[in-house]
Amino acid sequence: CSHGGDEGTNKDEIDEDLYSRQLYVLGHQAMKAMAQSNVLIVGLNGLGVEIAKNVILAGVKSVGLLDDKPASIRDLGSQFYLTPDDAASGKPRAAASAPQLQELNRYVRVHLETGELTPEMIQSKSYSVVVCVDVPLAKQIELNAWARQNGVRFIAADIRGVMGSCFVILGINLSCMILMVNSHSMAFLHPLKCKKIKPKPLSP
């Protein structure tokens, strides 16, 4: 399922009016590289939808949303695109959020993914970045090992009350773990040896 995206836009051109502040900080080369990125966001709770919003506004090529979990009353406290009607009907969180997220940026194609997260799905859609939110730790570990071996950037983020965490793999030799407590953050960089990692395939 796809929601819009400006198919008539020249991918080599950047809307300088829309992205003026980012261009000032990042430059044209970085913005063009970002505009070719396909990002998969797994988990559309309050944190996940905030990440999706910021990624779409940043101007990537496309954003896939994967979250078949039914919306609930509890979600309404932090997920700003869900409504009481969504919670009452149990509409999947990704499907309920996709139309509003697409409205943020017409240059970014926002589409839905359904079913289980697998390497085959990631590869078939050419995702270059996978962001996992509200995903079980065992699944994060499996996916992280596979992504590192296959050149896919992997990010796992979560939040529990006043505490949050973010694990980032930017390549096979570097990872970063960020712990946040009351807006104070601590970052830890760890060199990783790819040859020591024995990835396990994700369960079908």
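Where does glycine 77 lie? It sits in the loop between strand S3 (62–66) and helix H4 (84–89). The model is predicted.

**Glycine 77**
- Glycine 77 has a relative accessible area of 72%, so it counts as exposed.
- Its C-alpha atom is separated by 9.9 Å from that of asparagine 45.

**Helix H3 and its ends**
- Helix H3 spans residues 46–58 and has 13 residues.
- From first C-alpha to last, H3 reaches 19 Å, close to the 18 Å expected at 1.5 Å a residue.
- Asparagine 45 caps the N-terminal end of H3. One of its side-chain oxygens lies 3.2 Å from the backbone nitrogen of leucine 47.
- Just after H3, glycine 59 takes a positive phi of about 100°.
- The buried residues of H3 are Gly46, Gly48, Val49, Ile51, Ala52, Val55, Ile56 and Ala58.

**Helix H5**
- In helix H5 (residues 93–102), 7 of the 10 residues are buried, so the helix is largely enclosed by the rest of the structure.
- Those buried residues are Arg93, Ala94, Ala96, Ser97, Ala98, Leu101 and Gln102.

- Serine 62 stands opposite arginine 109 in S4.
- S4 (residues 109–113) is mostly covered, with 4 of its 5 residues buried.

How values were computed
Residues numbered from 1 in each chain as written. Predicted model: local features only at pLDDT ≥ 70, side-chain atom pairs only at ≥ 80, totals over all residues. Heavy atoms only, no water. Helix = DSSP H or I, 4+ residues; strand = E, 2+ residues; numbered from the N terminus. Expected span 1.5 Å × (residues − 1). Buried < 20%, exposed > 50% of the residue type's maximum accessible area, 1.4 Å probe, protein only. Polar contact = N/O pair within 3.5 Å; in protein donor to acceptor, adjacent residues only side chain to side chain. Pairing = 2+ DSSP bridges.
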